[in-house]
Amino acid sequence: MDNLIEKIFNGVFVNNLTNKIAIKTKDDEITYSNLANLVASTVEFLKRKKLKKNDIILNALGNTIQQIIVHYASFLIGIIAIPVPSYINRNNASFYIENFHPVLIFSNSEISSLFKIPAIEINNFNELEKITKNIFQIYKYNINNKVNPNDIISVLLTTGSSGIQKAVKLTHRSINQAIDNITGFIKYTNKNKEIIPIPINHSFGLGHVYCTHVKGGSVYLLDGIKSLKEFYYAFKFDYNGIALTPSIIKLLTFEKTKEKTLQSFNKLDYMVINSEVLDTNITKLLKQNCSNLIIYYYYGLTEASRSFFINLSLEKEKYYKSVGKPTSKDVKVKLIEDEIYIGGNHLFSGYMNSENSNIINGYFKTGDLGYLDSQGYLFITGRKKNIINVGGFKVSALHVSETLKKIDGIEDIAVISIFDSITGEKPAALIVGKNLSKEKIMNFSNKNIDFHAIPKKIVFHEFIPKSDTGKIIIEEVRRIIEED
Amino acid sequence: MKDKIRKTIAKFLSVDEKKIKDETGPADLAEWDSLAHQGLILELEKVFKLKLEIDDVLEMESLEDIVEIIENKIKI
């Protein structure tokens with residue numbers, strides 16, 4: 001089997017796309033030939049650092065060109081570069097070190113104090129060029145020979161029900177199959193030019209980079225929608241696709257930005273959505289106002305990437321809440337007691353930090369509940385896992401509780417999901433304790449908890465409602481929080 | 001004017017005023033996320049009795065920006 005990155009560059013050279021822009025950001029852009037050269041230089045750089053196949057490095061460079069260069073270079077050598085969020089706090093750092101034993105970390109912020117391993121801080125694209133300049137060389141074909149399809153080549157983090165982030169091991173086989181499935185369904189070509197505002201340290205964002213590059217297309221990387229100005233600026237160029245979550249779409253179609261958003265989306269040919277089903281009213285709004293826009297939605301966890309796809313533009317309203325049908329013939333599905341099980345060559349090969357893969361006889365037990373209708377469309381009805389889905393970011397209620405318990409004065413706590421009109425769900429905390437203030441909780445949270453996991457509502461109470469067996473009564477907790 | 005705007009933002013986001021520095025903007029604080037930013041724009045319109053256009057909204061990336069835009073609107 002071919003190494004994916006070799007496949008990307010071989011395709012570019014064969015199809016004479018070397019001068020085409022491979023990646024663009026607000027400040028920089030890079031052609032495929034320059035990308036190939038910098039990837040080759042970075043391969044040499046990593047080798048000189050004595051890194052070898054199966055070594056683990058952390059890649060915390062955010063949605064930048066340098067993140068992709070380091071990722072592709074690692075991929076070519078067989079180094080496992082785990083993409084992690086660019087905002088690393090002390091808690092994350094300990095978790096990464098204890099679980100993955102990385103030998104090197106790339107970051108765009110001051111993180112040396114958090115790690116006792118070598119850290120390379122790259123604040124911008126030019127700095128990466130500088131560190132590799134003395135070993136700059138022209139990219140050569142066939143850096144690697146054929147690869148073993150079952151070798152682990154990538155590890156992506158996702159939040160599991162246990163409260164700990166799970167490190168999902170992906171092989172050459174699983175990644176290549178997932179890309180074949182997706183590019184086949186969407187019919188990617190070198191004409192695809194995608195705006196990617198979602199984080200590329202997750203399967204959703206990174207998958208879009210792979211799929212676009214493997215066909216010789218271009219990606220425009222954005223750091224979320226923190227800056228609306230930068231977001232709309234991306235539409236000045238002739239990009240024809242975008243990857244977004246429903247919560248971002250909902251925000252962008254609010255009163256003030258609605259018109260500008262619809263005008264911008266109208267310039268696109270397609271949009272790919274993941275994480276939660278799009279609100280029916282927004283689906284209708286997009287269909288009415290963006291006549292040329294094809295809206296794809298897919299379902300699939302990091303462990304079983306993009307297993308189901310639906311083209312909402314072709315479907316009637318009764319299927320707006322469906323996640324569609326299997327992406328390709330390789331994807332198998334079965335339901336056992338309403339729980340969705342997925343099989344196929346695109347499946348992951350277990351977790352790096354857990355022995356239980358939940359793969360049973362070749363099928364991954366997803367923890368999601370659903371049903372198939374008579375036409376074979378899959379509908380998701382709920383989750384078995386205690387996870388809060390904050391606009392696509394999976395937050396473990398248990399993990400947030402355990403982290404907040406470290407605050408002096410907290411005697412008991414219950415973290416639950418409450419409704420949010422934009423993100424669908426958000427974390428809220430009911431807290432019992434002494435000498436506490438909301439400010440104290442927020443100060444601690446800002447330093448120790450990922451942004452999306454920080455409780456957006458905090459209520460102090462005399463007790464946490466529990467059953468006779470000590471189990472938290474979630475509905476009672478919700479009532480108290482909502483009445484506050 | 002700057003203090004009044006700072007107070008409005010702090011009150012709307014339920015954060016200490018000291019946290020709102022001149023360069024602070026959306027996503028610098030957990031409380032000031034993209035959703036809160038949308039709500040804040042409507043709140044600023046209400047408090048200062050003015051209408052913010054989409055171009056104003058796009059330029060509002062820090063307290064300093066917000067002050068400049070609102071001051072210009074009020075002058076007009």
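How many C-beta neighbours inside 10 Å does R306(A) have, and is R306(A) buried or exposed? R306(A) has 26 and counts as buried. The legends below describe a predicted model, in which local features need pLDDT of at least 70, side-chain atom pairs count only at pLDDT 80 or more, and totals for chains, interfaces and linings use all residues. Residues are numbered from 1 along each chain as its sequence is written, while chains are lettered from A and ligands numbered from 1 in the order in which they are written.

**View 1**
R306(A) sits in the loop between β13 (294-299) and β14 (308-311) of chain A. Helices (H or I, at least four residues) and strands (E, at least two) are DSSP runs, numbered from the N terminus. Phi of R306(A) is near 45°, positive in a residue other than glycine. Most residues other than glycine have a negative phi. E337(A) also has a positive phi, near 50°. The loop between β16 (332-336) and β17 (339-343) of chain A holds E337(A). E337(A) counts as exposed because it has 5 C-beta neighbours inside 10 Å. A residue is buried if 20 or more other C-beta atoms lie within 10 Å of its own, exposed if 12 or fewer, and partly exposed in between; C-beta atoms are placed from the backbone.

**View 2. G370(A) in strand β19 of chain A.**
The strand covers residues 363-372. G370(A) has 20 C-beta neighbours inside 10 Å, so it counts as buried. Leaving out residues up to four places away in sequence, G370(A) touches D338(A), I340(A), L378(A), F379(A), I380(A) and T381(A). Two residues are in contact if their C-beta atoms, placed from the backbone, lie within 7 Å. K321(A) is 49 residues from G370(A) in sequence and 12 Å away in space, C-alpha to C-alpha.

**View 3. N54(A) in a loop of chain A.**
The loop runs between α2 (32-48) and β3 (56-60). N54(A) is exposed, with 12 other C-beta atoms within 10 Å. Its contacts, not counting residues up to four places away in sequence, are G78(A) and I80(A). N54(A) and G78(A) are 24 residues apart in sequence, yet 5.9 Å apart in space, C-alpha to C-alpha.

**View 4. Packing of helices α1 and α7 of chain A.**
Two packed helices are described by the angle between their axes and the distance between the axes. Here α1 (residues 4-14) and α7 (residues 203-214) pack at about 40°, with axes 9 Å apart. Axes are lines fitted to C-alpha atoms, for helices over the stretch in contact, and angles run from 0 to 180 degrees between N-to-C directions. From α1(A), L4(A), K7(A), I8(A) and G11(A) meet Y210(A), H213(A) and V214(A) of α7(A). These residues divide into four nonpolar, two polar and one charged. Ala, Val, Leu, Ile, Met, Phe, Trp, Tyr, Cys and Pro count as nonpolar, Asp, Glu, Lys and Arg as charged, and the others, Gly among them, as polar.

**View 5. The contact between chain A and chain B.**
Chain A gives 18 residues and chain B gives 13. On the side of chain A, α8 (228-233) and α13 (438-448) each supply at least two residues. The largest share, four residues, comes from α13(A). The side of chain A divides into nine nonpolar, four polar and five charged residues. The predictor gives the complex an ipTM of 0.81 and a pTM of 0.81.

**View 6. Nonpolar cores.**
The largest core has 124 residues, and V39(A) and I196(A) have the most contacts inside it. Another core, of 24 residues, lies apart from it; its members include I413(A), I431(A), I454(A) and A30(B). A nonpolar core is a set of buried Ala, Val, Leu, Ile, Met, Phe, Trp, Tyr and Cys residues joined through C-beta atoms within 7 Å.

**View 7. Chain B, with four helices and zero strands.**
The radius of gyration of chain B is 11 Å, close to the 11 Å of the globule rule for 76 residues, so chain B is as compact as a globular protein of that length. The radius is taken over C-alpha atoms; the rule is 2.2 Å times the number of residues to the power 0.38. The C-alpha trace spans about 35 × 20 × 20 Å along its principal axes. Buried residues make up 29% of chain B. Mean pLDDT (the predictor's confidence in each residue, from 0 to 100) is 89 for chain B.
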